[in-house]
Amino acid sequence: MSEKRLLLGDEAVALGALHAGLSGVYSYPGTPSTEVTEFIQNYAPEVRSRWCTNEKTAMEAALGMSYAGKRALVCMKHVGMNVCADAFVNAAVTGVKGGLVVLAADDPSMHSSQNEQDSRFYAQFAMVPVFEPSDQQEAYDMIREAFAFSEEIGLPVLFRVVTRLAHSRAAVLTGDPSSQNALDPSSDRGWILLPAIARRQYLKLIDKQPLLLSASEGTHHNLLEGTGARGVIACGIGYNYVKEADAQDITLLKVSQYPLPEAQVKALAARCSSILVVEDGQPVVEQGIKALLGAGYPVEGRLSGRLPRTGELMPDNVAAALGVPSSRAFGSAQNLAPRPPQLCPGCGHRDVYAALNQVVAEYPGARVFGDIGCYTLGALPPFSALASCVDMGASITMAKGAADAGIFPAVAVIGDSTFTHSGMTGLLDAVNDHSRITVIISDNLTTAMTGGQDSAGTNKFEAICLGLGVEPEHVRVVVPLPANMPEITRIIREEIEYDGVSVIIPRRECMQTLRRHKK
Ligand code: SF4
């Protein structure tokens, strides 16, 4: 039965996936993607749902579900695509059986990320289709189509959203739910990527490319509108900004499905004397149509400087690029006092940094390598404790490399969830190399930064570290509280002085999840 609901973009994706007959969702939390999985968990607890150890394990579990004939969804933020890339690229070669959709939530402007990478490049690389909705209604409708298309074409579909779409609400008209696929345990050798088979599978993937292109040319999600002299290509959410600007003399090609519909681009170019590309993220389409139309055809966008090279699209900068006066209703926020983010009052990470700073002040050559989580805020005043924060797990491996180069003491600070995501392998490297590093696994018993999802290693960290070969007497557990400062600083000192790999686990629950649990 059809129903109108007010939904976040992420919620529209989640509900569309459920109504497509989803059997399982596998995810690693990351802003702005987290709400998709949370919605599914709350709305349909009967659907298999896991917060996985990382995005690669999530992708592989979903591929297994697809192998069994069922529809599976994988959710992550854009940088998670780097972690799951091995499985993602190879899933295009094996192909899929049950519909497999990979939701990548990109974060232009880096609201809560370390880069602005554009997931559409991964789809080009893997040679799989991309669906990129322009609004919440399309998010709901397109993910349903994405599952069907994935099965029809036998490939994973990348479903790209951006922060503004993921985290804004609009009315969405929903449809009738479909039932789940039946289990299909049949198999063929295409799933075994030994070289001889992989070569055949790769040719199949190449052979599918014209079908992907003709699907892009024929879909109602890629549309030519208007008869104006100036050409505009608007991708995903950029379509809304162009419509809002209401430029009168344009011919508009809306692109929400890739590969790029080349015939439609050429038709637009034939009608117009130039093309402006409006795309959130990196200039994927701008580069593509420059190659398609040749150097003589004027193409503008982020590369040409007509739109800002970095940061997310806004109605204002799109209007300006179209030569339309800004319709902005709100004044600028320049007179608001800046409010840098801070660790919550009473957070255990505060006590970890207070103790660590006290000890490393005794060592002029000390460097503390950070990682990704709430505790990254230890890089800011009042602690200013960290020398680096690069990617998930890099604290340990960077500390190892710096120690190899002669830095002493080299200390890594990593959270519990980040440690199981990508830190364990680095710790094994350090153990195997007898590196002189001290690793602090600041365990708050949750994945706090994204809202308190389960942490894969809870209650297992001592066993993991021992299993990886850290000496039992150098796996130390403390409770990070101001009252315990003398004990914590003593233990940090002792472990820094140890000529090998040591691990200190300060363990105290995140204040936010503690509050929720008490309620
Ligand atoms: S959310 Fe939890 S872990 Fe993060 S800063 Fe607040 S108390 Fe600390």
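## Strand 7, an enclosed strand

Strand 7 (residues 157–162) is largely enclosed by the rest of the structure, because six of its six residues are buried, where buried means under 20% relative accessible area with a 1.4 Å probe and protein chains only. Helices (H or I, at least four residues) and strands (E, at least two) are DSSP runs numbered from the N terminus. This is a predicted model, in which local features need pLDDT of at least 70 and side-chain atom pairs count only at pLDDT 80 or more, while totals for chains, interfaces and linings use all residues. Residues are numbered from 1 along each chain as its sequence is written, and side-chain values use heavy atoms, with hydrogens and water left out.

In a regular strand the side chains alternate between the two faces of the sheet. In strand 7, Val-157, Phe-159 and Val-161 point one way, whereas Leu-158, Arg-160 and Val-162 point the other way, and all are buried.

## The sheet around it

An open sheet of seven strands has the order 3-2-4-5-7-6-12, with mixed pairing, and two strands pair if DSSP finds at least two bridges between them. Its edge strands are strand 3 and strand 12 (257–258), each of which pairs on one side only.

Strand 5 and strand 7 run parallel and are joined by six bridges, with Ala-105 standing opposite Val-161 of strand 7. Strand 6 (residues 130–131) also runs parallel to strand 7, joined by two bridges, and Val-130 has Leu-158 as its bridge partner in strand 7. Between strand 6 and strand 7 the chain passes through helix 6 (residues 136–153) in a right-handed β-α-β crossover, meaning that, with the strands pointing away from the viewer, the path from the first strand over the helix to the second runs clockwise.

## Two nonpolar cores

A nonpolar core is a set of buried Ala, Val, Leu, Ile, Met, Phe, Trp, Tyr and Cys residues joined through side-chain atoms within 4.5 Å. The largest has 104 residues, of which Leu-73, Phe-88, Phe-159 and Ile-233 touch the most other members. A second, separate core of 49 residues includes Tyr-353, Val-368, Ile-464 and Ile-505.

Leaving aside residues up to four places away in sequence, Phe-159 touches several residues, among them Val-13, Val-101, Phe-131 and Met-142, contact being heavy atoms within 4.5 Å.

## Helix 2

In helix 2 (residues 34–43), Thr-34, Val-36, Thr-37, Phe-39 and Ile-40 are buried. The buried residues of this helix pack against elements including helix 1 (9–19), strand 4 (71–77) and strand 5 (100–106).

Definitions and conventions. Buried < 20%, exposed > 50% of the residue type's maximum accessible area, 1.4 Å probe, protein only.
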